[in-house]
Amino acid sequence: MHRERVSENVFWFQSEIYAQVTAGVVAGPQWAVMIDTLALPDETLSIREFIEHELNVPVRYVINTHYHADHTWGNCFFPGATVIAHASCRDLLEERGILSLEAAKRQNPALRQVKIVLPQMTFAEGELTLRVGKKNLILSLATGHSKDGIAVLVEEDRILFAGDSFMPLPYIVDGDIDEIMASIKRIGRMGLENIVQGHGDVILRGEIDAAVRENLNYLSAIKRAVKAASRRKNAIELLDNITIEECGKSRVYLGGLAQTLHQRNLHALLQQMQDSQ
Ligand SMILES: [Zn+2]
């Protein structure tokens, strides 16, 4: 697992095991806030170790940016903490998370000790502000990757933990392409120092405009390409020929998953277009 200090009392962690998924910590003098957890128990536990033994504070709150397994399945390792999320995150963890954890446990013994912990504090519109030490964390909606997406702004530092509404390759299979485009545009207007993406590396101030533009271009490009394919009889086969590069993305790593995610985007979009006809 990689760890970096993003600014004073703000830390970032990135998995070396699964899809470069990230988590964050904002620490105050008495307690810390964890933003997402990592995919597998060992990595989440080593973050906890760092917070409790290097920063010398307990975790009082865990914020889930959305319900997907790679961000929420470590909630159970902070039994004293209150979990905060979108109200739909709670519903989706209850409806889908519990079953998918049961299935995953049969495949992966490393998940044996994992339990789903549902958020106790939720909101569904507007913003929620949490004060930690000298910093305000402002939680706001950032949907489109999933319908329960939220982002966390460290107001004083202009650092945004964007969850998966911002990724090196936008992923819309469980979401909505127009909603994620709106979220990305809003993030682009926030005047940020850093974007902590739900997967991949931290984006620095000078890189933000280009990253926003590239993600919006990619989403427009897959929309155009899938629309053109959808008019043909062999639409599904045609999707195989739409490369990630011709949609304006190259050198996306994501633990080797980029090509798979891109193909899933195309298939999901075709399905969504056909369903809405
Ligand atoms: Zn994710």
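A cavity here is a set of grid points where a 1.4 Å probe fits but cannot get out. The views below come from a predicted model.

View 1. Asp 70 and Asp 164 each bring an OD atom to the zinc ion, while His 71 and His 199 each bring NE2, at 2.1 to 2.5 Å. Read along the chain, the donors are spaced D-H-x92-D-x34-H. The angles between the four donor atoms run from 85 to 172 degrees, so the arrangement ends up irregular: a tetrahedral label would need every angle to lie between 85 and 135 degrees.

View 2. Buried means under 20% relative accessible area. His 71 is therefore buried at 0%, and so is His 199 at 4%.

**View 3. The largest cavity.** Of the two cavities of 30 Å³ or more, the largest has a volume of about 40 Å³. Its lining includes Thr 22, Ile 35, Asp 36, Phe 161 and Val 196. Strand 3 (22-27), strand 11 (159-163) and strand 12 each give two or more residues to this lining. Sorted by class, the lining has four nonpolar, five polar and one charged residues.

**View 4. The second largest cavity.** This one has a volume of about 30 Å³. Among its lining residues are His 66, His 145, Ile 150 and Asp 164, and Asp 164 is also one of the zinc donors.

Notes. Residues are numbered from 1 along each chain as its sequence is written. This is a predicted model: local features need pLDDT of at least 70, side-chain atom pairs count only at pLDDT 80 or more; totals for chains, interfaces and linings use all residues. Side-chain values use heavy atoms; hydrogens and water are left out. Donors are N, O and S atoms within 2.8 Å of the metal (3.2 Å for Na, K and Ca); water is not among the atoms, so sites may look incomplete. Four donors count as tetrahedral if all angles lie between 85 and 135 degrees; four count as square planar and six as octahedral if opposite donors are over 155 degrees apart and all others between 65 and 115; anything else is irregular. Buried means under 20% relative accessible area, exposed over 50%, partly exposed in between (1.4 Å probe, protein chains only). On a 1 Å grid over the protein atoms alone, a cavity is a set of points where a 1.4 Å probe fits but cannot get out, and a pocket is an open set with protein on both sides within 12 Å along at least five of seven lines; lining residues have an atom within 4 Å of a point. Grid points are joined across faces, edges and corners, and a volume is the space filled by probe spheres set on the points. Helices (H or I, at least four residues) and strands (E, at least two) are DSSP runs, numbered from the N terminus. Ala, Val, Leu, Ile, Met, Phe, Trp, Tyr, Cys and Pro count as nonpolar, Asp, Glu, Lys and Arg as charged, and the others, Gly among them, as polar.
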